[in-house]
Amino acid sequence: MAGEAGKDPQAWLAANETASAFLSRSLSSRPPITLPPPLHRAPLRPGNVVEIAGPSNSGKSHLLLMAAVQCILPKEWEGIYFGGLGRAVMYLDLDCRFDVLRLAQILRNRIAEGCRLAHLRNGDPENDVTKDEFQCSLQNTLFSDCMQRFLYARCCKSPEFIDALKTVQSQSRREVSGAGIYFVMIDSIGAFYWIDRGSQASRENKGKTLQSIFESVVHELRKILQLEPALVLVTKASVYGEGTTTANDFNRDSSKYMLEDPSGLGYSRREEERTLSNREYMPSIWQSFVTHRINLQEAEVPSVLESEVLPLHTSEWVQPCLKMKEKFSIMDDGVNLIH
């Protein structure tokens, strides 16, 4: 809470008030964060740790980029409303698949859409060349300002990942382009799991178990959250296994979301997963650290929008359990919910 009290927790706690007033003041100092669909259903606040789980091509990384753009865009700029947060993002790439061109495309589309809506509200003529040139220069300036609030680090093994988290702590002590780090993104948290698991018994890694590695990861993330209230967004690849799951597993039937073979032979590419469960493989210390979980899947039937066939995805919040599934398509200008 020191971040909300000007780095003076005693001043923040000095108020003489009832428990109800204290709780109200605490929640108002950490207002809910609005994220793009389908992450908008669960009320998220700084300090939450959100795990976005799903198989490959289920849209996990794209949702991270959409949330990153929402964070680095300002709420309003030069009289134009964009609805962003105007804060910095630290993106830790453990999969080495980050696409900066995709991020730039999403950001430019959001900026262009905000400027277009401002044009319509002001009743500006569409064929005003001078105005268009000015708007293009304005958009480039805003794009540059936003990208300065996006911090990126690529990690190729667990020690580098832990060192990068320590770097986030030093970055959070100073403002980046006038704004502190508000989102910490990790793509993907299980990238080194099997490497660490296979090498933990080797002589050079003696004493470095999976549990100790993730204890260090959770410890560093907790230090970040203590220094500056931030939202942690993490992707995780799903692992499927046979038989019954353990108490820590999240048993989700994936048979409803089979992808048919494009050859038309009627063979499901995930036929073998009909009797499999989405098994939790992360250590218990990580499972208890996560506050929110959402599962993504590829849906069976694609979405048809304006004569364009788009891959269809489904999302389901399992923590908190919202008991509802949503369908969505990923487009260049955002996520389109299918009702």
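This is a predicted model: local features need pLDDT of at least 70, side-chain atom pairs count only at pLDDT 80 or more; totals for chains, interfaces and linings use all residues.
**Exercise 1.** Find which residues of helix 4 are buried, and check the span of the helix.

*Solution.* Start with burial, meaning under 20% relative accessible area with a 1.4 Å probe, protein chains only. In helix 4, the buried residues are R102, L103, A104, I106, L107, R110, I111, G114, C115, A118 and H119. An α-helix has 3.6 residues a turn, so residues three or four places apart point the same way.

Residues are numbered from 1 along each chain as its sequence is written, and side-chain values use heavy atoms, with hydrogens and water left out.

**Exercise 2.** Work out how strand 13 is paired and whether it is enclosed or open.

*Solution.* First, look at the partners; two strands pair if DSSP finds at least two bridges between them. Strand 13 (residues 312-319) pairs with strand 10 (residues 292-298) in the antiparallel sense over 6 bridges. Here T314 of strand 13 stands opposite Q297.

Then turn to strand 14 (residues 321-331), also antiparallel to strand 13 over 6 bridges. F328 in strand 14 is the bridge partner of H313, and 1 residue sits between the two strands of this hairpin.

Finally, 7 of the 8 residues of strand 13 are buried, so the rest of the structure largely encloses it.

Technical notes
Helices (H or I, at least four residues) and strands (E, at least two) are DSSP runs, numbered from the N terminus. The expected span of a helix is 1.5 Å times one less than its number of residues. Buried means under 20% relative accessible area, exposed over 50%, partly exposed in between (1.4 Å probe, protein chains only).
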